[in-house]
Amino acid sequence: MLLVGAALCIALVAMLTSSAHAGVAVEGRKLPLKFSWVACQPNCRGWISAVGVVTADSPRDFDEFARGRRLNGVTIALDSSGGSVNDAIALGRRWRNLGVLTTVGTGVQANPAQNDPINMAPAAYCESMCVFLLLSGKTRYVPKTAHVRVHQIWMGDRANDARAATYSADDLTIVERDIGRLAKYTFDMGGTGDLLSLSLNVPPWEDLHELSQDELRLTNLVNIEMIDQPGSPNPAVVELPRKPVQGGSFVASATANGTSLEPAKSV
């Protein structure tokens with residue numbers, strides 16, 4: 001009986017610890033985007049953890065984070081619920097200029113008390129405008145246990161109750177303008193019209209659409225099949241055949257993330 005009781009206690013502690021970590025991760029995705037440098041062993045390179053919502057401050061915050069660091073070709077792991085359309089586009093263009101590798105993941109430390117190394121956990125989320133940040137990587141990888149979800153962009157101050165809100169002609173102009181910017185950015189980054197179509201067909205009052213492995217390839221969101229743990233001295237990369245980028249029509253309805261910190265901006 002004592003052994004059974006001890007086993008139950010251990011299982012309960014494990015469950016509570018796992019739940020607490022999951023809760024912290026969810027809260028982190030709702031906070032403004034935070035950049036953290038994750039160091040590794042002396043013989044390998046570190047990587048960047050990017051967790052949270054893209055705000056108007058995110059491009060500037062990244063510039064400050066990057067100051068004094070050599071980030072060309074670095075790996076950036078995303079765990080984000082999206083955010084501001086135009087600020088995500090500005091940040092994505094910075095990342096493309098650095099030739100970064102983007103992926104979906106979050107840092108987890110098995111035993112902080114013993115100062116264990118931080119590893120990348122692939123069971124993370126990249127939603128809404130985060131998906132277009134993922135697209136900014138020169139090389140892009142999505143683990144099979146990660147979740148990549150899309151929906152329409154919308155007015156940030158009315159996304160929580162989009163159907164009940166009212167809209168002016170100026171509001172529609174803002175959204176249509178931002179859709180145009182998003183379309184140009186998508187093609188500039190090597191994405192396809194399929195990504196825009198899949199995103200712009202899901203209104204904010206519906207559940208986000210989770211991209212399948214086939215859709216990740218169809219949209220050119222992934223262009224490598226596997227990588228080693230970031231920081232490995234000799235990372236293995238297997239490149240996938242690239243789907244040709246074609247222009248053409250896509251759904252142009254006023255359209256991706258629900259949480260905004262500023263009015264009159266698409267999220």
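In the predicted model, the axes of helix α3 (residues 85–98) and helix α5 (residues 169–188) come within 10 Å of each other and cross at roughly 20 degrees. Because angles under 35 degrees count as roughly parallel, α3 and α5 are described as roughly parallel to each other, and the crossing in which α3 passes α5 is left-handed. On the side of α3, the contact is formed by V85, N86, I89, G92, R93 and R96, and these meet R177, D178, R181, L182, K184, Y185 and D188 of α5. Sorted by class, the residues of this contact comprise four that are nonpolar, two that are polar and seven that are charged.

Helix α3 also packs against helix α2 (residues 58–66), with the two axes 8 Å apart and an angle of about 30 degrees between them. This angle makes α2 roughly parallel to α3. The residues of α2 that take part are S58, P59, F62 and D63, whereas α3 contributes D87, A90, L91, R94, W95 and L98. In the contact of α2 with α3, six residues are nonpolar, one is polar and three are charged.

A disulfide was assigned between C126 and C130, for which the S to S distance is 2.1 Å, and the count of such links in the model comes to one. The angle about the S-S bond is -110 degrees, and the link of C126 and C130 is accordingly left-handed. Both cysteines of this pair, C126 and C130, are buried.

When neighbours within four places in sequence are left aside, the residues in contact with S49 are K34, F35, S36, V38, A77 and G107.

The C-alpha atom of K30 is separated by 8.7 Å from that of V51, a residue 21 positions apart from K30 along the chain.

Technical notes: Residues are numbered from 1 along each chain as its sequence is written. This is a predicted model: local features need pLDDT of at least 70, side-chain atom pairs count only at pLDDT 80 or more; totals for chains, interfaces and linings use all residues. Side-chain values use heavy atoms; hydrogens and water are left out. A disulfide is a pair of cysteine sulfur atoms within 2.5 Å. Buried means under 20% relative accessible area, exposed over 50%, partly exposed in between (1.4 Å probe, protein chains only). Axes are lines fitted to C-alpha atoms, for helices over the stretch in contact, and angles run from 0 to 180 degrees between N-to-C directions. Helices (H or I, at least four residues) and strands (E, at least two) are DSSP runs, numbered from the N terminus. Angles under 35 degrees count as roughly parallel, over 145 as roughly antiparallel, 65 to 115 as roughly perpendicular and the rest as oblique. A crossing is left-handed if the near helix is turned anticlockwise from the far one by less than a right angle, and right-handed if clockwise. Contact means heavy atoms within 4.5 Å. Ala, Val, Leu, Ile, Met, Phe, Trp, Tyr, Cys and Pro count as nonpolar, Asp, Glu, Lys and Arg as charged, and the others, Gly among them, as polar.
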